[in-house]
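User: Please take me through this structure in questions and answers. I am new to it.

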Amino acid sequence: MVRSDAQRSPVSTTGEPTPLDQGSKSDARRFPKTARLLVLLFLLAFAAVLWLRPAWKETTRREAYLPQLEAEALHDPFDARLEALLGGRLMQAGDYPQAAEAFRHAWAAGEQNSMIARALAACTAAEPARALADLKLALQSLPQDADLRRTMEAVSRLDPHPAPALLARTILPDGPEPLVTRYAPGSGLNRFSEWWGRGHEEASGFTTRQQWAAAEPNDARVQRLWGRALARNRRFQEALAALQHSIALDPASPETHLALADTLDAAGLTSEATLEYLQCLKARPNWLPALLGAGKTYFEIGLAQIAGASYLQATQVAPTSADAWIGLGRAYRNTGVDQAKSVAAFQTAGRLAPEREDYLDDYADALRQAIQWPAAEAVLRRRLRTSPEDPLAHYMLGMVMLNNTPTPERQIEAEAETRTALRLYPHSSLADIQLALIVLSHAQPKEAIPLLTDALQTDPFNRNAMTILARAYRQTGQSDLADQISKQADQLYQDQQRAQVLESKEAKQVMDPEIHAALAVLYQRIGQSKKGLYEQSMARLIRSDPKTAAEEMRKIRSVRDNAIAPH
Amino acid sequence: MYGTTPSRHTSVPLRRLAAVVGAGSLSLLIFGCPSGNGAPKSAPAPVPPAASVGPHFVDVAAAAGLNYRWEIAGKRPLNILQTIGNGCAFLDYNGDGNLDILLVGPKTALYRGDGKGHFIDVSRETGLSKLSGQFLGCAVGDYDNDGYPDIYLSGYRTGVLLHNDHGKAFSDVTRSAGLQPQPWGTSCAWAETVPGSGRLDLYVANYARFDTGKSIPQLCESRGILTSCGPRFYNPLHGAFYRNLGSGRFVRADQALAVPKTQGRGLGLGFAPLDASGRPSLAIANDEMPGDLLTPAGAEKAAKYVNQGVSSGVGMDRDGNIHGGMGMDWGDYDNDGRFDLFVSTFQGEAKSLYHNDGHSLFTDSTYVAALAEATMPHVAFGCKLFDYDNDGALDLIVANGHVQDNIHAIDSNAAYRQATQLFHNRNNRPATFENVSLTAGKDLQRPIVGRGVAIGDFDNDGRVDVLVVDSEGAPLLLHNETTGTGHWLGVKLVGTRSNRSGIGAVVTATVGGNQRVRLCHADGSYLSSSDLRVHFGLGGDSRAAVLTVRWPSGKTDLFKDVAGDRYITLREGGGLTAYP
């Protein structure tokens with residue numbers, strides 16, 4: 001209740017009503033009317049909330065990107081409509097196994113209709129028998145469903161062993177789009193969301209961008225946003241097409257080149273992504289996202305030293321960027337030189353972002369390499385307190401314990417940690433090898449052999465697994481096998497040494513395509529296919545466009561020479 | 001120099017005085033007249049058990065008369081040839097029972113020791129001063145069984161065999177013996193590879209193909225700085241095996257030892273018999289190549305050798321990684337009766353201690369033995385397993401020094417000059433080592449460009465001393481002044497059917513109900529050769545209940561109730577006599 005200053009009066013000391021009391025009585029008389037108004041307002045607001053909340057939920061779900069849907073589904077696995085939409089989006093991304101999983105969840109949670117059933121069957125079309133079984137099961141639940149019956153008839157007309165793509169098309173002729181439309185209708189707030197999205201384009205949702213891109217096909221900026229949206233939904237081919245279209249409309253846009261680089265990287269086209277990041281840096285030499293991106297892709301290619309140069313520059317451009325320091329720490333760690341610098345970089349990142357834990361495994365590894373084993377162990381235990389399901393942390397904890405005072409008790413704990421790592425991530429060649437070493441130290445070569453052969457199945461170029469396996473074979477008296485695997489390891493090692501020598505030659509003769517080509521072959525032979533592809537593309541570029549290649553090489557060299565020098 | 005009496009608590013000045021005044025007579029009293037049953041007439045005073053051991057080593061090189069210095073000629077930064085380093089040796093070239101010192105380099109020098117800690121340069125009178133060549137390493141062994149140890153000097157584009165002319169001079173007999181210069185000879189060793197032949201054969205490791213031609217990289221860039229290239233830039237070279245035909249003649253016999261099956265780029269090497277056949281196996285530490293273990297494929301004398309480096313477990317480190325093998329040494333560090341293998345390696349790599357599990361199978365026990373953490377930061381070369389405190393368990397010394405003279409500019413945490421490390425064997429189960437470098441005296445901590453290491457008791461006081469090469473400085477003659485050491489026994493072997501040096505013989509001492517197995521060998525370490533006398537730390541026991549010698553010939557001699565704290569001579573098939 002609001003009162004004016006004019007209503008104020010001195011407080012009575014006699015107990016008689018004062019003007020103020022009179023005023024209060026007057027207010028009290030008015031109260032029912034105000035209260036009514038307030039209640040009405042409250043009810044209106046409540047009704048609005050009642051209506052708005054689900055409406056807004058529908059609209060945000062319509063606008064949501066795939067990672068958001070995945071996170072939501074993780075949070076609420078019994079939301080059948082959400083699972084159905086997630087399945088549709090995953091299907092659009094071509095991730096059929098995960099999509100099938102989502103459709104199964106949707107069905108189990110009560111969303112039992114022919115569309116879900118057919119979508120599920122379409123996702124399992126790679127195994128026609130399974131797809132057919134899925135359809136039959138659905139028909140048992142929905143015997144009267146005409147769509148399902150028609151689908152069954154259409155499928156029965158196919159060849160007994162249909163091609164998966166044909167089977168999927170037969171089951172779901174219109175693809176996942178109708179399903180997505182059905183489960184992401186949005187609400188009356190769609191227009192508001194679209195309006196807001198256009199005003200805040202970087203935060204705009206998927207459908208907003210989709211419609212916007214359709215409406216303005218010649219707007220480079222809009223096409224870039226659409227490309228980014230597709231990439232976030234892991235529809236990389238479509239994203240790349242949209243971004244290429246955007247670049248065609250505005251070739252000089254560094255933002256679009258960055259979007260293209262990020263998308264290429266996300267699509268696993270690391271070498272191409274690196275070149276795009278370099279394009280970005282040509283336009284904006286100190287652009288943090290491009291520096292971080294270049295660092296990341298160089299690192300992934302295996303050029304840790306050049307990655308370090310990018311990250312170092314990033315830390316100079318943005319000294320408070322934890323990402324830059326983490327990247328620098330990782331790069332230093334992988335160069336194999338001066339691990340103390342790697343540790344220091346991670347420590348800086350820790351100060352800048354104390355809440356972050358995603359880099360702790362790398363930090364622990366740097367500490368391990370810097371021979372600070374107790375500190376590494378402490379970091380890993382911290383990591384496992386908050387992420388007990390991190391297989392890498394379990395594996396590394398086992399490794400550090402085997403290094404640092406491996407008393408019999410600690411060896412037992414290290415073995416348990418390694419076994420946990422393998423349980424959480426069954427196809428880890430590293431954990432396989434570590435466990436093999438442990439059992440070998442207990443003179444159990446027969447248990448070690450399957451672990452090592454598993455490791456070699458996962459990572460056929462793992463020389464360590466080969467040499468340890470050779471010894472295990474010797475221990476079990478299989479000398480011929482031991483010799484055979486020793487020879488393989490020798491050959492691999494010789495190729496690795498040749499590659500290292502050629503790398504050094506390459507640094508001096510950067511424009512010699514023969515060296516790049518030879519390196520490409522050697523990298524393929526030693527299992528470093530990404531590096532091989534990069535060298536192959538470099539060799540090709542030097543032969544086809546020496547001028548551009550020289551420019552790229554000069555850039556790489558100058559980045560490396562200027563930034564990686566001791567500081 | 002510091003007296004020959006085993007008086008552990010005598011102060012240094014007092015012992016210096018004793019050395020000057022009466023060391024000789026004391027020596028005569030103690031060692032001069034051995035009794036028939038092996039007990040000395042004058043038993044040494046009881047020694048307390050090794051409870052209060054304090055490792056202490058003092059560099060006495062200058063005071064002892066070793067006026068020598070290694071210098072690296074040429075431009076800087078150094079290339080791989082300049083940085084390879086040199087070796088050294090403890091030997092008794094004139095058979096007087098006192099260790100002499102050989103320092104190998106472009107100017108090779110021989111110093112005659114008087115057993116009291118004094119050395120005189122005899123390079124000129126023995127003819128060694130006339131030698132010219134880029135000599136790197138040495139192997140000492142009496143190849144013609146005349147009772148005087150001969151010397152093979154390895155080197156870059158050289159290699160000479162020096163015949164010992166009755167302890168007076170050395171003659172270069174390389175050509176007449178049929179030996180060829182090696183492209184880049186490094187460590188080398190003598191071994192009786194045909195048991196019972198009585199002849200020492202010679203193995204010389206070769207490193208890598210290198211010259212100053214334009215096609216061979218001299219320097220490489222590391223983080224924008226020119227420095228010595230890593231070994232992978234140079235094609236590996238295989239070693240050379242020379243079979244001793246007798247009459248001073250040798251023939252190249254690489255196939256017999258499976259040399260073509262080796263990896264190449266060998267730096268350290270050593271022979272040890274791994275089974276009862278007595279035929280020695282050869283371990284070679286290769287630089288950034290898998291390590292080799294050449295073992296006889298069968299028990300018969302003519303059996304060929306095979307390379308089991310990788311499959312035996314000594315080819316790589318614990319995790320299956322190839323390391324930069326530099327030096328190595330054989331020794332039974334856990335007293336289980338089998339010879340284990342230690343390999344020194346590059347910075348960032350664990351120095352590998354391979355436990356011998358039997359049947360030529362090894363387990364890398366570096367981490368369990370607590371040797372990894374302290375050794376990883378260093379570039380290690382010369383290394384020897386030896387019992388510095390005479391407690392009966394082999395300890396370990398490692399010489400360190402980087403190969404890149406400008407490493408600090410590349411890696412601010414690394415240094416060219418590095419301290420020598422000493423590890424005490426705790427004699428526990430499983431055996432672990434303790435880094436005692438910081439308490440072993442300031443001379444041990446002095447940063448040097450460490451390369452070759454040899455061990456030997458140059459003053460015959462029963463405490464094994466150490467000789468270390470500083471590639472850019474004077475030698476370190478580390479006198480062992482450890483207090484509270486245990487009893488000891490030194491054994492000089494004289495082969496009759498076996499090679500006269502007794503190289504390859506296995507000596508077992510039963511002490512307090514426990515057996516300690518030691519090998520008669522001068523090889524191991526890096527480019528160096530050690531005292532051939534077999535040393536036993538006896539701990540609190542003053543005698544060995546049983547002493548057996550298994551000679552390379554296959555013959556076994558057994559001695560009972562052998563008193564300790566002295567050197568003795570054991571002749572194959574003969575008896576125990578006074579030393580020398």
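Predicted model: local features only at pLDDT ≥ 70, side-chain atom pairs only at ≥ 80, totals over all residues.

User: How many residues of strand S7 of chain B are buried?

Analyst: Helices (H or I, at least four residues) and strands (E, at least two) are DSSP runs, numbered from the N terminus. A residue is buried if 20 or more other C-beta atoms lie within 10 Å of its own, exposed if 12 or fewer, and partly exposed in between, with C-beta atoms placed from the backbone. Strand S7(B) covers residues 150-165 and is mostly covered, the buried count being 12 of its 16 residues.

User: Which residue of S7(B) stands opposite Cys138(B)?

Analyst: Two strands pair if DSSP finds at least two bridges between them. Strand S6 (residues 134-141) of chain B runs antiparallel to S7(B), and 7 bridges join them. Opposite Cys138(B) stands Leu153(B).

User: What is the bridge partner of His163(B) in S8(B)?

Analyst: S7(B) pairs in the antiparallel sense with strand S9 (residues 182-191) of chain B over 2 bridges, and there Thr158(B) stands opposite Gln182(B). With strand S8 (residues 169-172) of chain B, S7(B) has antiparallel pairing over 4 bridges. In S8(B), His163(B) has as its bridge partner Ser171(B).

User: Is His166(B) buried or exposed?

Analyst: His166(B) lies in the loop between S7 and S8 of chain B, a hairpin with 3 residues between the strands. Its phi is near 55 degrees, a positive value in a residue other than glycine. Because 10 other C-beta atoms are within 10 Å, His166(B) is exposed.

User: Why does Asn145(B) count as partly exposed?

Analyst: Asn145(B) lies in the loop between S6 and S7 of chain B. Asn145(B) is not a glycine, although phi is positive at about 55 degrees. It counts as partly exposed because its C-beta neighbours inside 10 Å number 19.

User: Which strands are the edge strands of the open sheet of 4 strands in chain B?

Analyst: The order of this open sheet is S32-S31-S34-S35 (chain B), with antiparallel pairing. Each edge strand pairs on one side only, and the two are strand S32 (514-519) and strand S35 (556-563) of chain B.

User: Which residue of S32(B) is the bridge partner of Thr510(B)?

Analyst: Strand S31 (residues 506-511) of chain B runs antiparallel to S32(B), joined by 6 bridges. In S32(B), Thr510(B) has as its bridge partner Gln515(B).

User: What is omega for the cis peptide bond that joins Tyr579(B) and Pro580(B)?

Analyst: Another cis peptide bond joins Arg76(B) and Pro77(B), with omega about 0 degrees; Pro77(B) lies in the loop between helix H2 (61-64) and strand S2 (88-91) of chain B. Pro580(B) is found in the segment after strand S37 (576-578) of chain B. For the bond between Tyr579(B) and Pro580(B), omega is about 10 degrees.

User: How far apart are the end C-alpha atoms of helix H23 of chain A?

Analyst: In H23(A), the buried residues are Ala414(A), Glu417(A), Thr418(A), Thr420(A), Ala421(A) and Leu422(A). The expected span of a helix is 1.5 Å times one less than its number of residues. The 17 residues of H23(A) (residues 408-424) should therefore span 24 Å, and this agrees with the distance between the end C-alpha atoms, 24 Å.

User: How many residues of chain B are in contact with chain A?

Analyst: Two residues are in contact if their C-beta atoms, placed from the backbone, lie within 7 Å. Chain A gives 35 residues to the contact, and chain B gives 31 residues.

User: Which elements give two or more residues to the side of chain A that touches chain B?

Analyst: They are helix H22 (391-403), helix H24 (429-441), helix H26 (463-475) and helix H27 (479-508) of chain A.

Technical notes: Residues numbered from 1 in each chain as written. Chains lettered and ligands numbered in written order.
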